[in-house]
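Hi,

Here is the model I said I'd pass on.

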Amino acid sequence: MLGRKRLSVLGLLAVFALVGAACGDDDSGDGGGDETTTSAADSSETTAAEGDAFPTIEGVPGVSDDEIAFSVVGIKEGNPLGTCILDCYVDGIQAFFDYQNEQGGVFGRDLVIGEVLDDELANNQARSVEIIANDNSFGVFQATLIASGWGDLDDAGIPTFVWNIHAAESAGREAIFGNVASLCIDCLGRALPYEAQSIGATKVAALGYGISENSKVCAQSSYKAFEKYGPEIGAEAAYLNDQMEFGLPGGVATEVSAMIDAEVDFVTSCMDLNAMKTLAQEFDRQGYIDKVTLHHPNSYNHGFVAENAALFEGDFVSPGFIPYEADGEGTDLALVLERFEASGIELTEHAMVGWINAREAFDAISGAGEEFDQQSAIDALNSETSYSAGGLIPSIDWTTQHEPQSADGGGGPALECSAAVIIVDGVFETFASPETPWNCWDNSNRDWTEPEQIATP
Amino acid sequence: MFAAGVFEDIFTAILQGTPPGAVYALIAVGFVLTYKTSGVFNLAFGAQAYVSAAMYFKLRVEDEWHIVPALVISVFVLAPAIGLILERFIFRHLRTASAVSKLVIAIGLTVALPALFDLISGFEAVAGLTPVGIIENGDSVFYDPFGLYAFSRDELMQMIVALGAVLGLGLMFRFTSLGLSMRAVVESPRLTELAGVPADRVSAFAWALSSTFAGMAGVLIAPQFNTLIAPDFFNLVVIAIAAAAIGRLVSLPWAFVGGLGMGIFIALFKTFLPRWTDDYAWLDIIEDNLTPAMPFVILFAVLVFWPGIRHAREGTDPLAGVDPPPPAPIASERSAGLTMATRVFGVVFFSFILSLMFFQADAFWIFLVTQAVIYSTIYLSITVMTGLAGQISLCQGAFAAIGGFTVFQMFDRFEMNVLLAAVLGAFIAAVVGALVSLPVLRLGGIWLAIATLAFAYFFDAVVVKFSWVGGGNTSLLQGTRVPRPTLGPFDFSNDKTFFALAVIVFVVVSFFVVQLREGTFGAQLKALRGSETAAESIGISPAKSRIIAFAVSAFIAGLGGAMLSIHQENVNYATNFVPLAALFWLLLVVSLSSRTVDGALQAGAAFSLFDPLILRGELFAWILRSPDRLPSFFPISGKWRFVLFGLTSVQFAKHPEGMLEYGKRKSNARIDAWLVRRRGTGDDDDPELTDSKSDAPVEETTS
C-alpha cells in the first residue's frame with residue numbers, strides 16, 4: 001500500500017499540475033477568418049479514397065500494411081483524485097479510431113491501440129522508456145498526473161498526444177501535442193474578470209495551494225488579473241490565499257471567515273474538485289453559500305456536480321474544450337456525441353480529451369502523406385497554424401505554441417478564449433450562448449474589452 | 001494591532017479550531033491507547049483506521065447498508081479481528097523486541113494493510129462519492145451554540161467520542177484490574193504471568209480494544225475527506241503524534257488536550273497572522289513559508305523542546321542501553337573455501353549481468369538496471385544510518401532531493417558540470433544532515449525517527465518551494481531538467497556509458513561504506529549500539545559519532561539523489577523523493593539486509609525490477625518463452641509489492657540483520673556442514689558449523 005500511499009501522495013503533488021493547468025489562460029490560436037474546420041468525416045473520405053493502393057511502409061514502428069498501432073499510458077491505480085482518467089481516455093480514443101476505421105482508416109490502414117499501460121502514478125518514465133524500447137508503436141497517447149516520461153518520448157522522436165496539464169513537461173517539446181497548447185500559468189486572463197462582471201461581483205478572492213508552485217502562481221495570476229481589470233468591471237481584488245494546505249485536512253473555516261469578513265462574493269480557485277466541495281461546504285456552514293459564486297478549475301464532472309447541486313448552484317467551470325452542452329455547429333461535437341452514445345461512453349472530460357488526441361494523431365498522419373513516418377507526422381502537425389481538432393478546441397498555432405506564451409501575452413495566440421459553463425440545478429449550461437460558446441478577446445490589445453462570442457475560434 | 005471585536009475573533013477561531021482539534025485528539029488518544037496497551041509506537045494506526053473507514057464506506061455508500069450493520073461490521077467485527085490477528089501472529093512474539101524494531105514493523109503494516117484491504121475488497125476511491133458519518137445528515141445539519149460558528153453533527157460526534165474515550169479509558173486504566181493488567185503486560189509479561197494474569201489473553205484484548213478504537217476513529221474522521229485514500233490517514237497520524245507526544249505517549253488527558261490545542265493554535269495562527277503581517281512585514285516570511293507546514297513544525301518543536309520527550313528514552317525503552325551488539329556479517333565468518341567460492345560466483349554473476357547489459361539489453365532494461373544501481377547507492381545511506389549506527393532516519397528522501405536539486409540549480413544558474421554539481425550536492429546534503437542531527441541527537445530510537453519524519457515533511461512543505469531549491473517559476477515553466485554529463489572523452493548521454501558510471505559510483509561508495517564499517521568509526525558505532533554508557537566510558541563521544549553518521553549518510557543519499565536526477569534527466573521530486581518514498585526505502589533495506597552492501601544492492605534491484613520482472617510477468621514470460629503464454633492474471637496489481645515488502649518487514653524484529661543476511665547465515669551453515677560430512681570429519685561441536693547457530697535469534701549469535 002505504501003506504493004499506493006507513496007504514489008498517491010506523490011500524485012497529490014502532481015494534482016497541483018492539473019490545478020495549475022486548469023487555471024492557465026485558455027488562450028487560443030489566431031481564430032483567423034481563413035481557418036477551415038474540417039470534420040472527421042470529410043478528412044476520412046479523403047484519406048480512405050484510394051483503398052489498398054497505398055505503398056508499403058517499412059521501418060516505421062507500429063506500422064504494417066493493415067494497421068497503425070499506438071500505445072496509451074495513463075493513470076488508473078493509485079489515482080488520488082478518484083476520477084476516471086485512463087479508462088475514459090481510452091474510450092475516447094477508441095471511439096474516434098472506430099469511427100475513422102469505419103471510414104477506411106488512414107492510407108488504407110486501421111488505427112489501433114496496441115497496448116494500454118497503467119503508470120500507477122509514479123512509473124510514467126519507465127512506461128515511456130518501455131514503449132521506446134519495444135519499438136512497436138507509431139505514436140503514444142498519455143493522460144497522466146506525473147508526466148516524467150514525456151521528455152524521453154520527445155527525445156526519441158515519437159509523436160505523443162497528451163492530456164496537457166503539465167506546462168513544464170510539454171514546454172519546448174516539438175513532438176508533444178496536447179489537447180491544449182503549451183500552458184501559460186502566469187498570464188493575466190480576462191475570462192475570470194468577465195465571469196465576475198457577469199454576476200455583478202464586487203469583491204474577489206483567489207485561492208491556491210502553497211505546496212504547489214503551479215497552484216500558487218495560478219492563484220497569484222488570478223488575483224493580479226483582478227487588480228488589473230477590476231477597476232474596469234467594478235470588482236476589487238480583496239483576498240488572496242496562496243498558502244492553502246493540500247486536501248484541506250484542517251478545514252477552511254478560518255479562510256472562509258476571512259473571505260466573509262472581506263465581503264467576497266466571487267472566489268476563483270486553483271484547487272482540485274474535492275477541495276472545491278470542502279470550500280463550498282464551509283461557505284454553506286457559515287451561511288454564506290448563497291452570497292458567493294465559485295469558479296472551479298477542474299470540476300467538469302457531470303456526476304460530481306449533480307451530486308452536489310445545491311452547493312455549486314450558479315458556479316462556473318472551465319473545460320478546456322467546447323462543452324458537451326454547446327450546439328457545436330460547424331464542429332465535430334455532434335459526431336462525438338453520436339459516437340459516444342452509440343458506444344455507451346459517458347460524457348467525461350477525459351473521453352473528450354481522448355477523442356481530441358486521437359484526432360490529432362489522425363491529422364498528423366494524414367498531413368504527412370501516404371509515405372509517412374514518425375518525423376513527417378510530427379512535422380505535418382507542426383506546420384498547422386490554426387489547428388482545432390475538428391473545432392473542438394480553440395485553434396492552436398503549432399508552429400509557435402509549443403512554447404508558453406509570456407505573461408504579458410507576448411508570443412502567444414491571437415485570441416484568448418474560454419468556454420465556461422455554469423452549474424444550474426446540478427447540470428451544466430454554457431455561459432455564453434450554446435451557439436457561440438466561446439468568449440474570446442483579442443490578444444494584440446490586452447486592455448479590457450467585452451468579449452466576442454464565437455462558435456469555433 | 002488589536003481591532004475592535006478581537007476577543008470575538010479569538011473565540012471564533014477557538015471554535016473553528018475545535019473540529020480539526022477534535023480529529024487530532026481522537027487520533028492522539030487512540031495512539032496513546034495503543035502504546036499503553038501494547039507498547040507499540042503504532043504508526044499503522046492510520047492504516048487500521050483507513051481499513052475500517054473504507055469498509056464502512058463500501059457497505060454504507062456503495063452497497064447502501066443501514067448505518068448500524070455497516071458500523072457493526074466495519075468497527076466492531078473487522079477492526080478487532082485485525083487487532084487480534086496482529087497480536088496473535090506478530091506482536092505476541094515481539095513483547096521484548098526493541099521499540100525501534102516494533103516501529104519498523106508498524107511502518108511495514110502501514111504499507112501493507114491498506115493495500116491488502118484494497119486488493120481483497122476491490123475498493124477504490126471514486127470522485128464524487130463522499131464518505132458519510134455515523135449519523136444521518138451528519139455533514140449538512142449544523143448546531144450553533146454560541147452564534148459564532150456552527151458545528152456539524154459529524155463534528156459533534158467526533159468531539160463526544162474523543163472526550164468519552166478519554167474519560168472511559170482513563171477510568172478503565174485507573175480503576176479496573178483489566179486496565180492495570182494491560183499496562184503490566186506491556187511492562188513485563190513474565191512477571192504478570194507469574195502473578196497469575198494470562199498475559200496472552202490480556203494482550204489480545206488490548207489489541208482488539210485499540211484496533212476497535214482505531215476503526216471507530218477512522219469511521220468518524222472519514223467525512224473530513226472528500227475521497228477516501230490511505231495517505232490522508234497517515235498524514236493525520238503524523239500530525240497527531242505531536243499531541244500524543246505531549247503526554248509522552250502515556251497520558252490520555254494530555255493527548256486529548258494536545259490535540260485540541262493544536263487545532264485551536266493553528267486556527268488562531270491562521271486568523272491573526274495575516275492581519276499582523278499588514279503591520280509587521282517581517283512576518284510575511286513566516287506566513288508565506290510556514291503556514292502549510294505548521295503541523296510539522298509543531299511536531300518537530302514538541303520533539304525537540306518538550307521536556308517529557310527529551311527524557312523519554314529511558315522511560316520507554318529501559319533495555320535500550322543493554323542490547324547486545326549485532327553479530328558480524330556472515331561474510332566475515334564463513335570459511336576461506338566458501339568465501340572464495342562466493343567471490344568466484346559473484347564475479348561470474350556480475351560479469352554475466354554486465355555483459356547482458358552491454359550486449360543484449362534494450363533501452364528499457366538499461367534504464368531499469370541503471371536505476372536499480374543508483375537506488376542501491378542511495379540505500380547505502382540507510383546501511384550507514386540504520387545498519388551501522390542503529391538509528392532510524394525517515395528523511396533520507398530529503399537528503400537525496402538536496403543532491404538532485406543542487407545539480408539542477410548549479411546547471412541552471414551556472415552551467416556547472418553536473419558531475420561536479422553532484423559532488424557539491426552530496427556535500428551540501430552532508431552539512432544539512434549534520435545540522436538536522438544536532439537538535440535531535442539526544443532523542444534516539446523512535447523519537448529520532450519521528451523527528452526525521454517531521455523534517456522530511458517540513459522539507460516537502462516549505463524548503464522545496466524556495467526558488468533556490470525547487471526552482472520556483474523556472475521549474476514551473478521548464479521543469480527541473482538536468483542534462484547528462486560529459487567528462488573528457490566520455491559522453492554519458494549514452495545510456496550504456498552512464499550505466500557504467502552508475503556502477504563505478506556504487507562500487508566506490510560501497511568500498512567506502514565497507515571501510516567505514518571495518519574501521520575505527522564502525523567500531524565506535526558498534527560500541528554505541530551495545531552500550532552508550534560503556535562506550536562513553538572509553539572515550540567515545542555519542543554526539544560526535546552520530547553527527548558524523550548523519551552527515552555521511554546524508555552525503556551518500558545526496559550523491560545518489562544527484563545521480564538519479566542525472567539518470568532521469570530531471571529531478572522529478574514528486575516521483576522520487578517525497579517523505580513517504582523514504583519510508584518504503586527503509587522497509588526494503590531493513591527487510592533484506594541493512595548492514596551489508598549486497599543488502600542495499602538487492603533492495604535497489606527489488607525497488608526497480610520487482611515490478612517488471614514479477615508483477616508484470618517478464619520473468620515468467622521468459623521462462624515460458626513467450627509473453628502469450630502468461631496466465632491471464634498478469635499483470636498483477638502493483639499493490640502486491642507493498643503487501644509483500646510490508647509484511648516481510650515483520651521479520652525485522654526476529655532477524656534485525658535482514659532476511660537476506662539471515663538466509664545467508666543459514667545457507668552458510670548448511671553448506672559447511674555438508675562439506676564436513678562429505679569429508680567425513682564432521683564435528684558437531686564446531687560452533688561455526690552447527691545449524692543451531694543459524695536458527696538462533698540474532699541476539700544470541702554474538703560473535
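Val317(A) has Val421(A) as its bridge partner in strand 13 of chain A. Strands here are DSSP E runs of at least two residues and helices are H or I runs of at least four, numbered from the N terminus; strands pair if DSSP finds at least two bridges between them.

Quick housekeeping: it's a predicted model, so local features need pLDDT of at least 70 and side-chain atom pairs count only at pLDDT 80 or more, while totals for chains, interfaces and linings use all residues. Residues are numbered from 1 along each chain as its sequence is written, and chains are lettered from A and ligands numbered from 1 in the order in which they are written.

Those two strands belong to an open sheet of seven in chain A, order 8-7-9-10-11-13-14, with mixed pairing. Strand 8 (236-244) and strand 14 (427-430) of chain A are the edges, each pairing on one side only.

Then there's helix 9 (residues 253-261) of chain A, whose buried residues include Ala253(A), Val256(A) and Met259(A). Buried means 20 or more other C-beta atoms within 10 Å of a residue's own, with C-beta atoms placed from the backbone. The buried residues of helix 9 pack against strands 7, 8 and 9 and helix 10 of chain A, plus helix 1 (6-38) and helix 10 (252-279) of chain B; contact means C-beta atoms, placed from the backbone, within 7 Å. Just after helix 9 of chain A, Glu263(A) has a positive phi of about 60°.

Cheers

Terms used: A residue is buried if 20 or more other C-beta atoms lie within 10 Å of its own, exposed if 12 or fewer, and partly exposed in between; C-beta atoms are placed from the backbone. Two residues are in contact if their C-beta atoms, placed from the backbone, lie within 7 Å.
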